[in-house]
Amino acid sequence: LPISQGCLTLLSRRIAAHHHSAMAQQAQISKKRKFVADGVFNAELNEFLGRTLGEDGYAGVEVRVTPIRTEIIIRATRTREVLGEKGRRIRELTALVQKRFGFPENSVELFAERVENRASCAMAQCESLRYKLLGGLAVRRACYGVLRFIMENGATGVEVIISGKLRAQRAKAMKFKQGYLISTGEPKKHYISEAVRHVLMRQGVLGIKVKIMMSHDPEGKMGPKMQMPDKITVHEPKEEVPPMMGPPEQEQYAEYNNEEAAA
């Protein structure tokens, strides 16, 4: 069948457009792969920094990606030790991260941010308890010390669970609780700080889990800004003002009688 010139042109345009879209899809990474890659990167970075800066009160990491560079903010209780002498340690960490994850030169930068309230950070308290146990302190004494420190610094509640070979050969779990602690719902995302650590003791591995419920802070610095949904505020009663006294009854009747007489 004879094909007109217009049909051939239209067909060639459609083929070219389809080829272009296929090439664009190959060049751009799929959303699913991107989220998985980001998750793996964050997990590996957190693991590396946790092992390297555990003694310096490491309390989490935040990654900010800008068009120019990638900023990695390390949260810790002792930022001076993280930075090192004249910023030497932070430069070493930057070089390691850059080399491991294949970042181009000068495209990644590490910063250290100090944790305002050390007692309300579960990761910092978990590390503190870990080093107490490695130092040979008794389990009960170490846990009660951490519990007391957290509660004295304004936390609403705290729970510490330690499981493993504590004293005898038989493994068991010990739970220490104090204060008020929520475990479900939307407020849990804002109020509960949770961390898990493993302690390599001589007789085996101990597991530590610390859960802290922070107190409400209207400014959002020492705790969550969001108020608890079941919080009931009882206001002071208002002072009742006595009602204004009206004219005496006799005067009212006198006015009524005068109106009747006039009618």
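This section describes the salt bridges of a predicted model.

The structure holds 13 salt bridges. One of them pairs Arg69 with Glu109. The closest N and O atoms of this pair are 2.2 Å apart. Arg69 sits in the loop between β1 (58-65) and β2 (70-76), whereas Glu109 belongs to strand β3 (residues 108-114), so the contact ties together parts that are 40 residues apart in sequence. Arg69 is partly exposed, at 30% relative accessibility. Glu109 is partly exposed as well, with a relative accessible area of 29%.

Another salt bridge lies within a helix. Arg88 and Glu92 are both part of helix α4 (residues 88-101). They are four residues apart, about one turn of the helix. Their side chains meet with an N to O distance of 3.4 Å. Arg88 has a relative accessible area of 54% and is exposed, because the threshold for that class is over 50%. Glu92, at 40% relative accessibility, counts as partly exposed.

A further salt bridge joins the side chains of Lys209 and Glu194, at 3.4 Å from N to O. Lys209 lies in strand β7 (residues 205-213) and Glu194 in strand β6 (residues 192-200), so this pair links parts that are 15 residues apart in sequence. Lys209 is partly exposed, with a relative accessible area of 32%. Glu194 is likewise partly exposed, at 37% relative accessibility.

Some salt bridges share partners. In this way Arg69, Glu71 and Glu109 are joined into one network.

Definitions and conventions:
Residues are numbered from 1 along each chain as its sequence is written. This is a predicted model: local features need pLDDT of at least 70, side-chain atom pairs count only at pLDDT 80 or more; totals for chains, interfaces and linings use all residues. Side-chain values use heavy atoms; hydrogens and water are left out. A salt bridge is a side-chain nitrogen of Lys or Arg within 4 Å of a carboxyl oxygen of Asp or Glu. Helices (H or I, at least four residues) and strands (E, at least two) are DSSP runs, numbered from the N terminus. Buried means under 20% relative accessible area, exposed over 50%, partly exposed in between (1.4 Å probe, protein chains only).
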